[in-house]
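Subject: Structure handover

Hello,

I am passing on the structure below, followed by notes on what was found in it. Please look through it before reading on.

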Amino acid sequence: MAHEHDHDHADDHSELGEMDLRVRALETVLTQKGYIDPAALDVLIDTYQTRIGPRNGARVVARAWVDPAFRDWLLEDATAAIASLGYSGRQGEHMVAVANTDTQHHMVVCTLCSCYPWPVLGLPPTWYKSAPYRSRAVKDPRGVLAEFGVQLPASTAIRVWDSTAELRYLVIPQRPCGTEDWSEEALADLVTRDSMIGTGLARRPEAAP
C-alpha cells in the first residue's frame, strides 16, 4: 500500500544532506593528500550506479516478461523471487514489485531520505535524493514524468509509492511491442534504471544498445 502524503518535505532538506557534505569533504582531503584517484573513484561509482546494479534489476524484469510463473511470484513475494536469481542483501531485504499496465503507471520516491533497492538498482542517482524530486514526485507526478520525457495518456493513472527503510519497490515496466521472439538476455538490454523507478519507460526495440 502506498503511504499517505499529507506533509511537505520540500523545505525540510537541502540539496545535499549532512552526510553527503561530509563525504565530499573527506573525498577532497583524501584527494589532496594523494590517497585516492578521483578518476578511478568515478569509474567505480559509475560501475555500481549504471552497470552492475541496474543490470541485476534488468534481468529480474526480463525474466518476468518471459516467464508468467516468475512474474506472478515476483508480484506476490518480490523478496523471494529476486533472491532466487541471486540478488539479495542489504537495502533489498524487503521488496515489493509493481507492474505497469496500459491503464496504470507506477513511480517510486522516498520522501524522507533516499531509500533505494541497491541489490537490483545499484546506487541511487543524484536526482532521486534531491529535495525537489522527493517533493514534486508526490505533488505533481505527471509533471515530473514529463520532465523526464515521459508523456502518458490522460487516461493512465499514476500511483506514487513511498520507499522506506523497511520497504523498497521495483517497477516492472511494460514489455515493448515487437519483442515477442526476443531472448531473455536481449530483453534485459531494453530495461533501464529509470524504467524500474518509474521515471522512464523500457527502450524501444530500435533503441536497443
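Are tyrosine 116 and tyrosine 128 buried or exposed? Tyrosine 116 is buried, and tyrosine 128 is buried as well. Here buried means under 20% relative accessible area, exposed means over 50%, and partly exposed lies in between (1.4 Å probe, protein chains only).

Some ground rules come next. This is a predicted model, in which local features need pLDDT of at least 70 and side-chain atom pairs count only at pLDDT 80 or more, while totals for chains, interfaces and linings use all residues. Residues are numbered from 1 along each chain as its sequence is written, and side-chain values use heavy atoms, with hydrogens and water left out.

Overall layout

The protein chain has 10 helices and 4 strands, taken as DSSP runs numbered from the N terminus (helices H or I, at least four residues; strands E, at least two). Their order along the sequence is α-α-α-α-β-β-α-α-α-α-β-β-α-α. Of the 209 residues in the protein chain, 40% count as buried. Among contacts (heavy atoms within 4.5 Å) with a separation of 6 or more, 69% are between residues 24 or more positions apart.

Aromatic rings

The structure holds 7 aromatic pairs. Rings of Phe, Tyr and Trp (its six-membered ring) pair if their centres lie within 6.5 Å; planes under 30 degrees apart count as stacked, over 60 as edge-to-face and the rest as tilted. The pair of tyrosine 116 and tyrosine 128 is edge-to-face because the ring centres are 5.0 Å apart and the planes stand at 65°. This pair links distant parts of the chain, 12 residues apart: tyrosine 116 is in the loop between strand E2 (104–109) and helix H5 (118–121), and tyrosine 128 is in helix H6 (residues 126–129). Tyrosine 128 also forms a tilted pair with tyrosine 133, at 5.9 Å centre to centre and 35° between the planes. Tyrosine 128 has 1% relative accessibility and therefore counts as buried; for tyrosine 133, also buried, the relative accessible area is 6%. Ring pairs join Tyr116, Trp127, Tyr128, Tyr133 and Phe148 into a cluster.

In helix H7 (residues 131–139), Tyr133 is buried along with Ala131, Arg134, Ser135 and Ala137. The elements covering these buried residues include E2, H6, helix H8 (141–147), strand E3 (157–162) and helix H10 (193–197).

A nonpolar core is a set of buried Ala, Val, Leu, Ile, Met, Phe, Trp, Tyr and Cys residues joined through side-chain atoms within 4.5 Å. The largest one has 44 residues, of which Val60, Leu74, Ile82, Val120, Tyr133 and Leu170 touch the most other members. Helix H2 (residues 38–66) supplies the largest share of this core, 6 residues. Leaving aside neighbours within four places in sequence, the contacts of valine 120 include Val60, Ile82 and Leu170.

Cavities

A search of the whole structure finds 2 cavities of 30 Å³ or more. A cavity is a set of points, on a 1 Å grid over the protein atoms alone, where a 1.4 Å probe fits but cannot get out; lining residues have an atom within 4 Å of a point. Grid points are joined across faces, edges and corners, and a volume is the space filled by probe spheres set on the points. The second largest cavity has a volume of about 40 Å³. Both tyrosine 116 and tyrosine 128 line this second largest cavity, with Val108, Pro117, Leu121, Tyr169, Met196 and Ile197.

Regards

How values were computed
On a 1 Å grid over the protein atoms alone, a cavity is a set of points where a 1.4 Å probe fits but cannot get out, and a pocket is an open set with protein on both sides within 12 Å along at least five of seven lines; lining residues have an atom within 4 Å of a point.
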